[in-house]
Amino acid sequence: MRLLSLETEQFEDGNIRGWLPVNNTIATPTGGPRLAAVAMLVDALGGLRSISAAAPDWAFTADMSIHLLPTGPMKQLQADLYVRRRGRRTLVIEAELSADGVRPAGLAIMTFAVVPRPEHLVNITIDMTPGRRSMSTLPPDQPEAGPYFEELAVVVERPGHVVIELRPEVANTVGALHGAVHTAVIDAASVSLGQEFLGPDAETVDMHLAFLDLATKGPMRAVATSVGESIPGQDRLTLSVEVFDAEDRLCSYATTEVVA
Amino acid sequence: MAGFNAGEGVGVAMYLAMPIMEIGDGTAPLPHTRGEFCVQDHLVDSEGRLATGLLASIADSIGGMTSGVACLPDWIVTTNLALRRAPDALAGPRGTGPLTLDTRILRRGRSSVVGRTDVTDQAGNPVATTWMTCAVLTPAGGPPPFSRPVRLDHREVPDDPIFRTRPEEFFALEAGERPGIAVLAVSDRLRNPWGILHGGSVAVVLDAAARSLVTGVAAPAPTPGVIVTDLVIHYLSPGRVGPVHAVAETIGTRGTEVMVRISVRDHGADDRLMALAIATVRTDLGPFATDR
């Protein structure tokens, strides 16, 4: 999250807007942000929005779908979040995405499981007052961030196969692989397989992701496989992607669409 | 509540009859099932291909049933369903004819279940892949009467001729006030055993709305060559009264694909939002082909 310099603005009604600066460390060949970075924005904002929406309970992300439109280059991606349902056990939040706040850039929907607030989070204090603020940035003495996947240390072993070590930098508060880092390995596995079939400009534009289990034992592997055969001359590939931990437990499952 | 496919009294399950058997001896905590869907002429397009709404409906049936079996003596309600069609099975003979649905439970938690269904044609070619999440609940009156290993091999279809009509007629679809709006009249045959609208019915009406929007033709007219290729549905509240209105809006385009957002509301229940869906509609596969 710190790598991406996310910003958020909280409104009086509880709704949230956020921004992701788009630079060459996260840009795709067509200039928009790569899906993994969009997922970090959406996940972070969704988590923030869920705090007041689920109160006094807590909410964990259960699944996420992201659908991106071609936008070309932009300065920043904006996301506006709205609660679509608050039930006893689930919370559904939609994010409208736009390029520089003016051009449609896609949609995302997240489902959260609503649970009693865990003991270790009972006394947590989060600033929910209205206003715009940074969601944390790199300290000034840090070198400038490099390409997103390199910073996360996502390693492509071969097309469709990537690994990531579980380090504090990619873990969440309970020491498991951060939800948005799941999307990064899924994106990386998808793109690497897409590049094999579609060429170097392949990018992930659509993802349906279910979180299944905490990934607490690294390294984690993401394995992408094609749904159907690649059609010569076609510019898209449909994939299913599984993320396993070091003990071969399936921790998340996704389907993606890659285009070139 | 997700449709189970036990047949009797569940109109959608009888209309889309699919023998289902559990793989193994029925002791596995995470059940694995297989459904054999025998395509009938009135269900498919001129090439013999099932529309995405119907594909989602049969995936919901077997996925819901298998998730429910994983939770016995509790049962489940579908909360969301994601589906992608294989791009090489959208035109031509691939993906037509009888279909096999192979369902595995990926996770069974205390409050939710996630299942994956892979759909193949008779030659074993992938046709679609879906995953769905269900919430676990304790239904009043108990769960459906299943014994394991599950064997559902009924094929009997009621004498009522409505069960042999085209999907538009069976699901009582009508045009809304403009292309992109499809209306479904809630009748008893479209309800599940708990009296609420079957999740598959929701998939069918929103598929019709999405294709109608993109073609500019009033729903539920056929849209040859225009197909919803991927779809994610979030079921937010049950449909009880009707009519149900599915309203589609264009979010944007990518080449020959149109991204569509569909909201589904129960008009007779204060327009309550029942479902929210995002679909990609491909337009380059037939006579509606466009050069976007």
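# Exercises on a predicted two-chain model

The axes of helix H2 (residues 52–71) and helix H4 (residues 199–215) of chain B come within 8 Å and cross at roughly 165 degrees. The model is predicted. Each exercise below has a task and a worked solution.

## Exercise 1: two helices in chain B

Task: Which direction does H2(B) take relative to H4(B), roughly parallel or roughly antiparallel? Then find the residues that meet, and sort them by class.

Solution. 
- Step 1. Start from the angle. The two axes cross at roughly 165 degrees.
- Step 2. Apply the cut-off. Angles over 145 degrees count as roughly antiparallel. H2(B) is therefore roughly antiparallel to H4(B).
- Step 3. Find the hand. H2(B) and H4(B) make a right-handed crossing.
- Step 4. List the residues. On H2(B) they are B:Thr52, B:Gly53, B:Leu54, B:Ala56, B:Ser57, B:Asp60 and B:Ser61. On H4(B) they are B:Gly199, B:Gly200, B:Ala203, B:Val204, B:Asp207 and B:Ala208.
- Step 5. Sort them. The contact of H2(B) with H4(B) has five nonpolar, six polar and two charged residues.

## Exercise 2: two helices in chain A

Task: At what angle do the axes of H1(A) and H3(A) cross?

Solution. 
- Step 1. Locate the helices. H1 of chain A covers residues 35–54, and H3 of chain A covers residues 179–198.
- Step 2. Read the geometry. Their axes come within 8 Å and cross at roughly 165 degrees.
- Step 3. Name the arrangement. H1(A) and H3(A) are therefore roughly antiparallel to each other.
- Step 4. The crossing of H1(A) and H3(A) is right-handed.

## Exercise 3: the domains of chain A

Solution. 
- Step 1. Take the bounds. The domain assignment gives domain 1 as 1–118 and domain 2 as 147–260.
- Step 2. Take the distance. The C-alpha centres of these domains of chain A lie 19 Å apart.
- Step 3. Take the contact. In chain A, 21 residues of domain 1 are in contact with 18 residues of domain 2.
- Step 4. Look at the domain 1 side. H1 and strand S3 (58–68) of chain A each give two or more residues to it. S3(A) supplies the largest share, eight residues.
- Step 5. Sort that side. It has twelve nonpolar, six polar and three charged residues.

## Exercise 4: where the chains touch

Task: How many residues of chain B are in contact with chain A? Which element of chain B gives the most?

Solution. 
- Step 1. Take the totals. 32 residues of chain B are in contact with 35 residues of chain A.
- Step 2. Find the contributors. Elements of chain B that give two or more residues include strand S3 (75–85), strand S6 (126–137) and strand S13 (272–282).
- Step 3. Pick the top one. S6(B) gives the most to this side, with five residues.
- Step 4. Sort the side. Chain B places 16 nonpolar, nine polar and seven charged residues there.

## Exercise 5: chain dimensions

Task: What radius of gyration does each chain have, and what does the globule rule give?

Solution. 
- Step 1. Describe chain A. Its secondary structure comes to three helices and 13 strands. Its C-alpha atoms fill a box of roughly 55 × 45 × 40 Å along the principal axes.
- Step 2. Check chain A. A compact globule of 260 residues would have a radius of gyration near 18 Å; chain A has 18 Å, which agrees.
- Step 3. Describe chain B. Its secondary structure comes to four helices and 13 strands.
- Step 4. Check chain B. The rule gives 19 Å for 292 residues, and the radius of gyration of chain B is 18 Å, so chain B is as compact as a globular protein of that length.
- Step 5. The C-alpha trace of chain B spans about 55 × 45 × 40 Å along its principal axes.

## Exercise 6: backbone details

Task: Where do B:Pro149 and B:Pro220 lie? What is phi of A:Ser5?

Solution. 
- Step 1. The peptide bond from B:Arg148 to B:Pro149 is cis, with omega near 0 degrees. B:Pro149 sits in the loop between S6 and strand S7 (151–152) of chain B.
- Step 2. The bond from B:Ala219 to B:Pro220 is a cis peptide bond, with omega near 0 degrees. B:Pro220 is in the loop between H4 and S10 of chain B.
- Step 3. Phi of A:Ser5 is near 55 degrees, a positive value in a residue other than glycine. A:Ser5 lies in the segment before strand S1 (7–10) of chain A.

Methods. Residues are numbered from 1 along each chain as its sequence is written. Chains are lettered from A and ligands numbered from 1 in the order in which they are written. This is a predicted model: local features need pLDDT of at least 70, side-chain atom pairs count only at pLDDT 80 or more; totals for chains, interfaces and linings use all residues. Axes are lines fitted to C-alpha atoms, for helices over the stretch in contact, and angles run from 0 to 180 degrees between N-to-C directions. Angles under 35 degrees count as roughly parallel, over 145 as roughly antiparallel, 65 to 115 as roughly perpendicular and the rest as oblique. A crossing is left-handed if the near helix is turned anticlockwise from the far one by less than a right angle, and right-handed if clockwise. Domain bounds come from an automatic or database domain assignment. Two residues are in contact if their C-beta atoms, placed from the backbone, lie within 7 Å. Ala, Val, Leu, Ile, Met, Phe, Trp, Tyr, Cys and Pro count as nonpolar, Asp, Glu, Lys and Arg as charged, and the others, Gly among them, as polar. The radius of gyration is taken over C-alpha atoms; the globule rule is 2.2 Å times the number of residues to the power 0.38.
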